[in-house]
Amino acid sequence: MAIRMTKPWQPLDRTIIVALPGQLGVYELANATGQTVAIGFAGGRSLFGLRSELLAIADSPPHDATQYRCEINMQYQTRYRELLMLHVADHGALPLHNRDNPPINLGRLRPL
Amino acid sequence: MNFEPTEQQKLIVEQIRRFVREEIVPLEDKLDPDASEIPPEDFSRLSGKVKDMGFWGLDIPVEYGGPGIDLVTRTLIAIEMSQHRAGLYVPCYGVFGTMGLAQLFEATEDQKERYLKPVLRGEKRGFFGLTEPSGGSDPARAIQTRAVRDGDDWIINGSKIFISGADKAQFGLIFARTDPDKGRGGVTCFIVDTDMPGFHVRRVVHTLRSSNYATELQLEDLRIPQANVLGEVNRGFAIANDRLTRQRIPYAAACIGVAIRAQAMAIEYAKQRETFGAPLATRQLIQSMIIDNELDIRTSRWMTLDAAHKAERGEPFRMEAGMAKLLATEAGGRVVDRSMQVHGGIGMTKDLPLERWYREMRIRRVGEGPNEVQRLIIARDLLGGSFK
């Protein structure tokens, strides 16, 4: 089972994001070189799910993010933590943006 | 049998109820509906209040600094502590202190120094590693993880699944087969440090409980010293079994607490919501659901308190604990389901806690021993002796 997010990156462009469904899920942001700079989720309190979350981000992208990819997922809390742990396992640290506000009690994964 | 709480128990229940309603529920209005943790500053503030109230470390024996609460009172507290959105799996977000691993109270002095005391001081976390991909309902036979003696050490190989908290823990209890020919008499419990070479948390296991995950572990040539055997070699199943039986009582109590809250919501909504010119509460079909809810709540509450009283008196309580777990988990699921039905569309949304309880309550029929296994235990006790 692929546990890393492997979808192609999309430009962080409002005209593309408005077509996203208003569903809950997780997303990753990357800079122009493809480095993941943020991992986040659209949770149960978001107004229009992934669409409104990413539209807000497109207005002021963190850490020069220019690309995004997302996944509709009702288990957004556990998937979000899984993606963060995978990032730490692969790169040794949280994405830049998540370091500013690290999640409480993040665990450790040693994936195959 | 008189299950009327004593005056002291009533005072404690009232104190906990007020704490949940005034401190926990308002906090949840700001959290994600699937949150399982609160911000550190809130945790620190609320756990401080709990310490002032004298309830920190509810499950810690008096001799280790706990408040010395008997199982009946503990059951009444568990019913109150779960009456909020995250209450089924994270009662009060852990501000009453972690439950820890009760098995460590039976550890050697050296093990207590290395593991139990740091847990009580909040410096270490542990996990309980029993279930394997080969099965969890019959751990005595399903355990395939092997531990082989190598001089003064043991070498462990195998895997575990549905293990909560292993990715955050500094150590855990791992049950492994040390004698392949002896069934339940061939299982040993080991205390395993999670920073040892060969210990791997391979993946997150996503379930209906979307606020909180389980993990899958792989153990590869994990070397454990003899000093880390908990209890006796080949006597590990007794350690696991004792924990599973006792745990069924607070496990049932948490389901009752959620059911009580769901019922209160259904009643309130039925009184205020009007259809065809009259409140829902005047409709016999709605009344019937509310009556069935109350029957489910009261029968499971009495059954659970009966198990707690028996355990407290030192009488055999395995059958009663199984009945309480079976009844409360199934009744709790029905109550939440009916309460959602009373609410109609709004009951299905994340605006209300019902949808989270509905998902999490489903797991309760499988967790801590599936209900079919509880029936097996009850039948065995009723019919006398074991049978195949």
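Here are some friendly notes on this predicted model, taken one topic at a time.

1. **How to read it.** Residues are numbered from 1 along each chain as its sequence is written, while chains are lettered from A and ligands numbered from 1 in the order in which they are written. Because the model is predicted, local features need pLDDT of at least 70 and side-chain atom pairs count only at pLDDT 80 or more, whereas totals for chains, interfaces and linings use all residues.

2. **Chain A, the outline.** Chain A contains four helices and four strands (DSSP runs numbered from the N terminus: H or I of at least four residues for helices, E of at least two for strands). Along the sequence they come in the pattern β-α-β-β-α-β-α-α. The radius of gyration of chain A, taken over C-alpha atoms, is 13 Å, close to the 13 Å from the globule rule for 112 residues, so chain A is as compact as a globular protein of that length. That rule is 2.2 Å times the number of residues to the power 0.38. The C-alpha trace of chain A spans about 40 × 30 × 30 Å along its principal axes.

3. **Chain A, the inside.** Of its 112 residues, 38% count as buried. Here, buried asks for 20 or more other C-beta atoms within 10 Å of a residue's own, exposed for 12 or fewer, and partly exposed lies in between, with C-beta atoms placed from the backbone.

4. **Where the chains meet.** In chain A, 19 residues are in contact with 17 residues of chain B (contact: C-beta atoms, placed from the backbone, within 7 Å). The chain A side of this contact has seven nonpolar, seven polar and five charged residues. Ala, Val, Leu, Ile, Met, Phe, Trp, Tyr, Cys and Pro count as nonpolar, Asp, Glu, Lys and Arg as charged, and the others, Gly among them, as polar.

5. **Domains of chain B.** Chain B is assigned domain 1 (7-102), domain 2 (126-230) and domain 3 (238-383); such bounds come from an automatic or database domain assignment. The C-alpha centres of domain 1 and domain 2 of chain B are 29 Å apart.

6. **A strand pair in chain B.** Five of the seven residues of strand S6 (residues 199-205) of chain B are buried. S6(B) pairs with strand S7 (residues 214-225) of chain B in the antiparallel sense over six bridges, where pairing takes at least two DSSP bridges. Phe199(B) has Leu219(B) as its bridge partner in S7(B).

7. **One loop residue.** Lys30(B) sits in the loop between helix H1 (7-28) and helix H2 (40-53) of chain B. Why is Lys30(B) exposed? Lys30(B) counts as exposed because it has 11 C-beta neighbours inside 10 Å.

Key: Two residues are in contact if their C-beta atoms, placed from the backbone, lie within 7 Å.
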